[in-house]
Amino acid sequence: MPEDELLTVPDVMARLKLGRSTVYDLIRSRRLPSLTIGRCRRIPARAIRDYISNELEAAA
């Protein structure tokens, strides 16, 4: 997955195996950075990798 790729919420749901409300909760709590383009929410692919890394560090 390219560093500069922007993913939709359904893309993130599929990659992290999470529900829609959980993904939006992560966005609201700023644990998963995102940006809005028009009316569309986009999450940088890099943000998903960072989120997973942070969760692994917290679990260790």
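Predicted model: local features only at pLDDT ≥ 70, side-chain atom pairs only at ≥ 80, totals over all residues.
Helices here are DSSP runs of at least four residues, numbered from the N terminus.

**Figure 1. Three salt bridges turn up in a search of the whole structure.** Side chains of opposite charge can pair when their charged atoms come close. The next views visit these pairs one by one.

Figure 2. How exposed is R28? R28 has a relative accessible area of 59%, so it counts as exposed. D25, at 44%, is partly exposed.

**Figure 3. E5 and R15 meet in a salt bridge of 3.9 Å, N to O.** This pair links distant parts of the chain, ten residues apart. E5 belongs to the segment before β1 (6-7), while R15 is in helix α1 (residues 9-16). E5 is partly exposed, with a relative accessible area of 26%. R15 is also partly exposed, at 39% relative accessibility.

**Figure 4. R31 and E55 join their side chains in a salt bridge.** The N to O distance is 2.9 Å. Where do the two residues lie? R31 is in the loop between α2 and β2 (35-37), and E55 is in helix α3 (residues 45-59), so their pairing ties together parts that are 24 residues apart in sequence. R31 is partly exposed, with a relative accessible area of 43%, and E55 is partly exposed at 32%.

Technical notes. Residues numbered from 1 in each chain as written. Heavy atoms only, no water. Salt bridge = Lys/Arg side-chain N within 4 Å of Asp/Glu carboxyl O. Buried < 20%, exposed > 50% of the residue type's maximum accessible area, 1.4 Å probe, protein only.
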